Amino acid sequence: MVRELNEQKLETFVTRILDDLGAAMTAPLVRIGDELGFYEVLAQSGPITPQELAHRTGTVERMVREWLSAHAAAGYLDYDAASGRFSMNPEQAMVFGNPDSPVYMLGSFEVCQAVMVDQPKVTKAFRKNGAAGYHERCNCLFSGMARFFGVSYKAHLVQEWLPALDGVVEKLERGAHVADIGCGHGISTTLMATAFPRSKFWGFDNHEGSIACAKDTATRDGVGARTTFEVATAKNFPGDNFDLVCCFDALHDLGDPVGAARRVLQALAADGTFMAVEPRAGDALQDNLNPVGRLYYAGSTMICTPVSLAQEVGLALGGQAGPRRLEAVLREAGFRSVRIAAETPFNIVIEARR
């Protein structure tokens, strides 16, 4: 039976697609503004003309005018027709102009750029074995993820997530040994090292370029003497007797998360803690049919799932695995105590113990 076309629903759907197309076309403009320093100037200048912004950034006024107009049409900037000036309101500044804001989003657009660059590789993966590993991805994916995830880590890691773990902050204050698995550019590692000067930290990642950046980050933040970064996988990282092992937004990316969790269990001290920070999701698809789920499923299709399939085992948990599936992985690895210790709109924090 063919259902009769509902013209109103069609119009609503086409409007939705036009909005999505506008967002997709605006994304590279955001990257341009990020790279050219437009947002920094706009956040500091107050209302500004295209000519003034072009002069301050050493760019072409005609191009700047079109860029500003597109941002005004998108609602990303405000425009005053009487003066011909563009400005950031406080809410826009929180998203685009303040790197310390908990909703700073420029890193997200850098990840968007990366997945567009890597789209042909992922398309090939659909036709072959599904594999498109980190080793073949563009570099802006790693820097974009560091900026994207770093926003949440700066807002929650020391202030909320670590205090939610049983007895961990007290250990860190006295002096603990901590491993950060899949540390990327070392944002999480250096935040912890800065907050707990009596503890020592080791960061491990299988991407050599990210480890180099992590070392630079630690040196810049003044914690180089208490941090060590090495290229290693989640199943072969060195060391043992760690008081805390962390895995930030990485467990679901692993080909063999069960094997990695077993290695973590081996590396922990008798009373040690494993903290796994993962994307927030419900256990069923229908629980994730919302704006956050939309973003995370897209990211999982382009990044998490093909990255896992490129590794041994290739379990491919995906970015929306859900608490029940993640708990099953940890229990299969040998952890007896598993609980959700904290949550944000975007993350869950899992505490696992022997």
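**Charged pairs and their surroundings**

Modeller: D34 forms a salt bridge with R31, and the closest N and O atoms of the two are 2.9 Å apart. The term stands for a side-chain nitrogen of Lys or Arg within 4 Å of a carboxyl oxygen of Asp or Glu. Please keep in mind that this is a predicted model, in which local features need pLDDT of at least 70 and side-chain atom pairs count only at pLDDT 80 or more, while totals for chains, interfaces and linings use all residues. Residues are numbered from 1 along each chain as its sequence is written, and side-chain values use heavy atoms, with hydrogens and water left out.

Both D34 and R31 belong to helix α1 (residues 7-36), where they sit 3 residues apart, about one turn of the helix. Helices (H or I, at least four residues) and strands (E, at least two) are DSSP runs numbered from the N terminus. D34 is buried at 18% relative accessibility, and R31 is also buried, at 8%. Buried means under 20% relative accessible area, exposed over 50%, and partly exposed in between, with a 1.4 Å probe and protein chains only.

A second salt bridge joins E110 to R147, again with closest N and O atoms 2.9 Å apart. Here E110 lies in helix α6 (residues 106-117) and R147 in helix α8 (residues 139-161), so this pair ties together parts that are 37 residues apart in sequence. E110 is buried, with 7% relative accessibility, whereas R147 is partly exposed at 27%.

D283 is in the loop between β7 (268-279) and α13 (291-309), and R324 is in helix α14 (residues 323-333), so to speak two distant parts of the chain, 41 residues apart, are linked. D283 is partly exposed at 36% relative accessibility, and R324 is exposed at 63%. Over the whole structure, a search finds 20 salt bridges.

The cysteines come next. The structure holds 0 disulfides, a disulfide being a pair of cysteine sulfur atoms within 2.5 Å. C138 is in no disulfide, and its nearest cysteine sulfur, that of C140, is 3.1 Å away. C140 likewise is in none, with the sulfur of C138 as the nearest, at 3.1 Å. C138 is buried at 16% relative accessibility, and C140 is buried at 17%.

Now the strands. Strand β3 (residues 177-181) pairs in the parallel sense with strand β4 (residues 200-205) over 5 bridges; two strands pair if DSSP finds at least two bridges between them. Within this pairing, I181 has F204 in β4 as its bridge partner. Together with helix α10 (residues 187-195), β3 and β4 make a right-handed β-α-β unit. A crossover is right-handed if, with the strands pointing away from the viewer, the path from the first strand over the helix to the second runs clockwise. On from there, β4 is joined by 5 bridges to strand β5 (residues 227-231), and these run parallel. The bridge partner of G203 in β5 is F229. With helix α11 (residues 208-220), β4 and β5 make a right-handed β-α-β unit.
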